[in-house]
Structures are given as structure tokens and as C-alpha cells.
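Take a look at the sequence and the model below. A short report follows for a reader who is meeting both for the first time.

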Amino acid sequence: MLNWEERRHLVKVAKLYYFNGQTQAEIAKKMGVSRPVISKLLNKAREIGIVEIYIKDENAHTVELEHQLETKYQLKEAIVIPAGNLPSDMVKHALGKAASFYVSKNLEGIKSLGISWGSTLAKFVQEYPFEKHQGLKVVPLVGGMGRKFVDIHSNLLAYQLAQKMQSNCTYLYAPAMVESQELKQRLIESEDIAMVLEEGRNVQMAVVGIGNPYEGSTMSAMNYLTAEDLDSLKEAGAIGDIGSRFFDAAGNQIKHPLNDLVIGLDLNEFKNIPEVIGIVEGPHKAASVKAALASGYLDVLVIDDATAGLLV
């Protein structure tokens, strides 16, 4: 228990430091002690409650969530966006803007950038600023031909992003998912498709979304997945997908005929990419994201606070 004089001493040091803005070295000189002594006194003042520090800003809780996500899942960086009561589409715009800012400031030395497909990634491309990266190539990581939802296909996103970056892109002239393994084999053996897939495996940075096949699934809306497919995926333990490849609660790519029909990167090939940035919106994807994080598919996560809260 501190006596009155000791407490007064702590309060004086704390006031000089926190209110008067003096440095620890200045306070040490004034009080005739060493700087480490002042540092210990300030720590003591916090420990016993003489000093309590609050961050008064709406970002305080998201910054704390970011720290928890980075620590729990060994992420290079987590970026958490406050969703409030905003509709899903506006949250996706905010996530896209945050992701575009992150990518923009981390492109130094990057010569190849891979992109998957989906509505959240479309917002990322929309929000990306106009810049000049003439030495960079944008590569689609999964097929994207089809008549529905053309605006979120990987080829179009790669083209639009390359336009904004004043860079080049390649096109993967194949659907995300084909009807048979025979057709897939013929396609991936063709020179053009094989070359783009190889470029995708060797990108230095990738931007991907994560899907929940059972709720809010774009793949279902595009008729890539039927009701029978969803039943069989559930039976096989599928909990989410990256680049149209399905994985289970442990994050392992499941053994399922649909995974064998995808033209795009294998999930294990995503692990070989130096930096994979995942953009995710919605609490309905929490279990999918958790499995993806546990398996180490992502290095950077851009996510809304409601979903982040479920992960920590």
C-alpha cells in the first residue's frame, strides 16, 4: 500500500508527462533521477489506477479487433471496417475502398497481381484509384466466362483493374466450372489456358473473396450450384470456398466432384502465393473465414466489424 507521499509523487510525474507534455528525460532531470525511474513510475501509475488511458474515437473498437485478429490468426495485417447499420452493398464499398488503399500502398516491387471473382471484389476494383503501374500484370485466378453476372467475372475484373493501374492483364478463356473432367482436361491442356494458370500460380500478390455456398452464394445465383449440389457439398463437409474451390471446417480442400471441375488455382496453390488478401462481408461468412484463416490461406484480411467480432 502506497503512503500519501508516494502517491503524490506518482501523480506529479503523471501530470508532468500526460498534461504538461514534458518528456521522460525532462522530468528525470527536473526531479534529479534517471529516465528509467520515471518510466517505472509512469507504469506504476497505470498499474494502480492513478492513470487510466482511453482512446475516444469510433475507430478504437475496430483497431482492437484488428489486433486480436492479427494475434489469433498470425496475420500480416487485419483491416476492420465499422459496418453500423449500413446495408450490405455500402459495407462492401467501404471494404473495397479499404482493400484498395492497402493494395495501392503495398505494390512497390510487385510485378504480378492475381484476382479472383465476386461482388465484393467488384467493389474493390470500383474503388481502386487511377494510378500508373506499367510494369505490373493483372492475372485472373479462376475462369470467368458465362452469361450471368458478367460484371463480377475474373476476366472483367482483371481488365478493369489493369485499366485503372495503366498496366497489362491476361484473360482466362474458360468457365469457372465446366460440365465434365474430360472437358476440363482438354481446356487446361490448351496452350493459352495453361499459360494463364501458370502465371496465376506465380503471382506475388492475390486479392480474393470467400464464399459461403449455402447463404448469399453468387455461385448459386449463377446456376453453377444446384440444390442437389448444395446437398452433396453439405454431406461432404464443405463450409466455404475460395476461387470456387470448396473447403471444410478444418480448411482442407474437400474431395468432391465439383472441386474437380473448377478451372483455376487449387487451394494449396494459394498458400504458395507470397501475399493473399481476403475481402469479406457479412456474419453469414464467419465460419467460412475462420476455416480459411485457420488453414493459412490468407495473409491480410479486410472485414467488417460484425463478422470480425464473431472470429475473435
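## Ground rules

This is a predicted model, in which local features need pLDDT of at least 70 and side-chain atom pairs count only at pLDDT 80 or more, while totals for chains, interfaces and linings use all residues. Residues are numbered from 1 along each chain as its sequence is written, and side-chain values use heavy atoms, with hydrogens and water left out.

## The core

Nonpolar side chains tend to be buried together in soluble globular proteins. Here a nonpolar core means a set of buried Ala, Val, Leu, Ile, Met, Phe, Trp, Tyr and Cys residues joined through side-chain atoms within 4.5 Å. Buried is under 20% relative accessible area, exposed is over 50%, and partly exposed is in between (1.4 Å probe, protein chains only).

The largest nonpolar core has 87 residues. L69, F124 and L301 touch the most other members. Helix α5 (residues 88-105) gives the most to this core, with six residues. Helices (H or I, at least four residues) and strands (E, at least two) are DSSP runs, numbered from the N terminus.

What does F124 touch, leaving out residues up to four places away in sequence? Its contacts (heavy atoms within 4.5 Å) are G96, A99, S100, V103, I115, L161, V207 and I279. Another core lies apart from the largest one. This other core has eight residues, among them L10, V13, L16 and L42.

## Strand β9

Which strands pair with β9? Pairing requires that DSSP finds at least two bridges between two strands. Strand β1 (residues 77-81) pairs with β9 in the parallel sense over five bridges. There, I79 stands opposite V302. Strand β8 (residues 275-280) also runs parallel to β9, joined by four bridges. V280 has I303 in β9 as its bridge partner. From β8 the chain crosses through helix α13 (residues 286-294) to β9, in a right-handed β-α-β crossover. Right-handed means that, with the strands pointing away from the viewer, the path from the first strand over the helix to the second runs clockwise.

## Helix α2

Helix α2 covers residues 24-31, and its buried residues are Q24, I27 and A28. They fall within an arc of 100 degrees seen down the axis, so they line one face of the helix. The arc is that of the directions from the helix axis to the C-beta atoms. K29 and K30 are exposed on the other side of α2. The cover over the buried residues includes α1 (4-19) and α3 (35-47). Just after α2, G32 takes a positive phi of about 70 degrees.

## Two loop residues

S116 sits in the loop between β2 (112-115) and α6 (119-127). Is S116 buried or exposed? It counts as buried, at 2% relative accessibility.

V262 is in the loop between β7 (245-247) and α12 (267-271). V262 is buried too, with a relative accessible area of 0%. V262 and S244 are 18 residues apart in sequence and 6.8 Å apart in space, C-alpha to C-alpha.

## Salt bridges

How many salt bridges does the structure hold? There are six. Each has a side-chain nitrogen of Lys or Arg within 4 Å of a carboxyl oxygen of Asp or Glu.

| Pair | Closest N and O atoms |
|---|---|
| R8 and E5 | 3.1 Å |
| E275 and K76 | 3.2 Å |
| K123 and D89 | 3.1 Å |

R8 and E5 are three residues apart in helix α1, separated by about one helical turn. K123 lies in helix α6 and D89 in helix α5, so the pair ties together parts 34 residues apart in sequence. Salt bridges that share partners also join E198, R201 and E269 into one network.
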